[in-house]
Every structure is written in structure tokens, then in C-alpha cells.
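Hello,

Here is the structure I promised to pass on. Please open it first, then read my notes below.

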Amino acid sequence: MQEQAISQILMAYKEGILDLDECKSSITELISQSVQAEERSRNLQDAVLDLDRAKRQGFPEVVYCEGKTDEQCITILKELNLHYQTYMGTRARESIYNALKPLIPEIQYDKTSRIIYRHSNENIRNENRNIAVVTAGTSDIPIGEEAALTAELMGNEVTRIYDVGVAGIHRLFNRLDDITSANVVIVVAGMEGALASVIGGLVTKPIIAVPTSVGYGANFKGLAALLSMLNSCAAGVGVVNIDNGFGAGRLAHMINSQR
């Protein structure tokens, strides 16, 4: 792409669109941008850290720890700590936290969501735009917490409403005011995943449905809940992948940040 851009600059000079000084200035700027881009990517032994992501997307690169060794996660998180005061890793093991804590006293670990994080900038970016995280059952709470903590780390106020599934739907009605007052609602449910449709028919705000792998055999590790949510007859329900609490929290933050 750089060669193509240089060719275009030279062609513009040849055609008289740019004079010599403008041509030299354009090429110098292009090279400078290329060098800066390389500096924004930190090459580690097994990873290339995207240090430009916070500028592009408003939050640093998030480390998915599952499938990585402890050593790989530690190396990446140590490098993130050199550049940011707030960052996070999902599906992290406590052993990673235990290794990092002596090196980074500010780092924290939430056992329920399995998120390792540093949160030095606790300013609420989206005041008066609450995100409600609703789970159908207690067993869905780990995924709900992954969504809730993700949204909080990104600067949102979160209301947690847990264990209000359709098997005892009166529990949901007791918290309906909290749900309808939210700007975005994340609904986390396993089994048959019916709660997303129920809430979708009660609120005017966007619903982000998260199917979980909680359930007996015919749940097919979340596939039944996923299909149920995708087939919801309630309007305004979007669906993320099975057990993807992080994806729901991130999407809720992006919706909440629109002005």
C-alpha cells in the first residue's frame, strides 16, 4: 500500500498537480506515518500487540487468555501495563494473576468472570446511560459478570439483575423498573434461552442476547438457546455467540457511547 501511495504522489508530480516541494513533503509524511504505525505495534515473542487499538476503538486490545500459556499471557499483560492504566484479559486463570500481582500491584482478578484487569481510570464515560445485565439463572452469572465487568471497565454504569428466568417469571416483574430504565439490556440465558424474547417484548431499548452453555443434553452446550434467541419474535433483539459475555459487554458499551 505504501508503494502504491508513493507511485500516486510521483504521478501527481509528473502531471504537474504537485510541485517538487509538495512532492517531497507528501513522501516524507507518508514515511513518517509508516514508522509511527510500526512503533504502535509491539512485537513480542509469540504476539504482535496492537498499541493503536485504543486510539482507533476507544479501548486497548483485550487479551483472550484461554489457549495461551501463562507465560504468554504474562508477557502480553506486562507490555500492556507499560502503555495503559486500564486494560483487561478474559478467560484468565488465577495462576496468571498470582504471577503478575507482585510485579503490578494494581492488577486485579475477578474469579467469577475470570477477568484479569487493571482499572486505574474509573471515570464514568456514559453517565445517566445505564446498562442492565440480566441473567435467567444463577448458573448464568459467570457469563453475566463477564459482560458486566467488561462494560464497567469501559466506563459504564451497570445494574446487575440475576436469577429472574421464566421458570419464576414473577421475579422478573419485581425488577422491571430497573430493566426498562436502562439504555441497553444484556440478557444472559441458557436452557431454552426464552428470557431474551420475554424481555424483548417489554422494553423499548436494544437487547443483546447471550446464550450460555448451561443446560442438559438437548441444550447442546448452548446451541438450543442460541437458536431460540436468533428466532425470537420480539423486535430489537441482537444475539452474540454462546458464552460471549465479553462481546455483549463491548457491544453494549459501543451502543451506549453513541451521541
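Start at Y64, which stands opposite T90 in β4. Two strands count as paired if DSSP finds at least two bridges between them. Strand β3 (residues 63-64) is joined to β4 by two bridges, and the two run parallel. Strands (E, at least two residues) and helices (H or I, at least four) are DSSP runs, numbered from the N terminus.

A word on the source. This is a predicted model, with residues numbered from 1 along each chain as its sequence is written. Local features need pLDDT of at least 70, side-chain atom pairs count only at pLDDT 80 or more, totals for chains, interfaces and linings use all residues, and side-chain values use heavy atoms, leaving out hydrogens and water.

Is β4 buried or exposed? Five of the five residues of β4 (86-90) are buried, so the strand is largely enclosed by the rest of the structure. Buried means under 20% relative accessible area, exposed over 50%, and partly exposed in between (1.4 Å probe, protein chains only). T86, M88 and T90 point one way from β4. Y87 and G89 point the other way.

Now the domains. The chain is divided into domain 1 (1-37), domain 2 (41-118) and domain 3 (130-257). These bounds come from an automatic or database domain assignment. The centres of domain 1 and domain 3, taken over C-alpha atoms, are 50 Å apart.

Next, the open sheet. Its five strands have the order β8-β7-β9-β10-β11, with parallel pairing. The edge strands are β8 (158-161) and β11 (237-239), and each pairs on one side only. Three bridges join β10 (residues 207-211) to β11. There, A209 stands opposite V239.

Two helices pack on the sheet. Helix α6 (residues 141-153) touches β7 (131-135), β8, β9 (184-189) and β10. Its direction makes about 170° with that of β8. Helix α10 (residues 223-230) touches β9, β10 and β11, and its direction makes about 160° with that of β10. Contact means heavy atoms within 4.5 Å. Axes are lines fitted to C-alpha atoms, for helices over the stretch in contact, and angles run from 0 to 180 degrees between N-to-C directions.

Last, a helix pair. At what angle do α6 and α11 pack? α6 and helix α11 (residues 245-256) pack at about 35°, with their axes 7 Å apart. I143, E146, A147, T150 and A151 in α6 meet G245, F246, A248, G249 and R250 in α11.

Best wishes
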